[in-house]
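Subject: Structure handover

Hello,

I am passing this structure on to you. Please look through it first; my notes on what was found follow below.

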Amino acid sequence: MSENHEHGHEHGHEHGHGHGHGHGHSTAAADSTANLPSDEIAECVVMPGSMVVKAEAEAAGLYRDYEGKRYWFCCAACGPLWDADPAKYANA
């Protein structure tokens, strides 16, 4: 049995929404959310898989309120993408 596992996709850090800002999330961000209660963290809806500490995102202005619900972002580049089409991300 071969150790080479080909899946037909890359394991790089591409998010598929083309904002190309060299994201570079570190594992430190993921580690900082690991011990927090689930109600204090959220997943960025623009960049799924990126976890966000709600209080830190709010302090940095990385959130939007839409149709009575708050959405948090992992970085400043996600806000303008959200603003361009909030329904796309809110209903994802």
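Of the 92 residues in the chain, 28% count as buried, where buried means under 20% relative accessible area, exposed means over 50%, and partly exposed lies in between (1.4 Å probe, protein chains only). The chain exposes about 6300 Å², and carbon and sulfur atoms supply 50% of that area; accessible areas come from the Shrake-Rupley method with a 1.4 Å probe, and for residues only the protein chains shown count as cover.

Two points on how to read the values. This is a predicted model, in which local features need pLDDT of at least 70 and side-chain atom pairs count only at pLDDT 80 or more, while totals for chains, interfaces and linings use all residues. Residues are numbered from 1 along each chain as its sequence is written, and side-chain values use heavy atoms, with hydrogens and water left out.

Overall layout

The chain has 4 helices and 4 strands. Here helices (H or I, at least four residues) and strands (E, at least two) are DSSP runs, numbered from the N terminus. Their order from the N terminus is α-β-β-α-β-β-α-α. Among contacts between residues at least 6 apart in sequence, 36% join residues at least 24 apart, a contact being heavy atoms within 4.5 Å.

Core

The largest nonpolar core contains 17 residues. Such a core is a set of buried Ala, Val, Leu, Ile, Met, Phe, Trp, Tyr and Cys residues joined through side-chain atoms within 4.5 Å. Those with the most contacts inside this core are C44, V46, V52, F73, C74, C78 and W82. At least two residues of this core come from each of β4 (69-72), α3 (78-84) and α4 (86-90). Helix α4 also holds K88, which is partly exposed at 48% relative accessible area.

Hairpin

Strands β3 (residues 63-66) and β4 pair in the antiparallel sense over 4 bridges; two strands pair if DSSP finds at least two bridges between them. D65 has R70 in β4 as its bridge partner. The hairpin has 2 residues between the strands. E67 is found in that loop between β3 and β4 and has a positive phi of about 50° although it is not a glycine. E67 is exposed, with a relative accessible area of 70%.

Salt bridges

Side chains of opposite charge can pair when their charged atoms come close. How many salt bridges does the structure hold? There are 3 salt bridges, each being a side-chain nitrogen of Lys or Arg within 4 Å of a carboxyl oxygen of Asp or Glu.

- R70 and E58 form a salt bridge, with their closest N and O atoms 3.3 Å apart. This pair links distant parts of the chain, from R70 in strand β4 to E58 in helix α2 (residues 54-59), 12 residues apart.
- R70 also forms a salt bridge with D65, at 2.6 Å between the closest N and O atoms.
- D83 and R64 meet through their side chains in a salt bridge of 2.8 Å, N to O. This pair also links distant parts of the chain, with D83 in helix α3 and R64 in strand β3, 19 residues apart.

R70 is partly exposed at 27%, and E58 is partly exposed at 31%. In the other pair, D83 is partly exposed at 44% and R64 is partly exposed at 25%.

Regards
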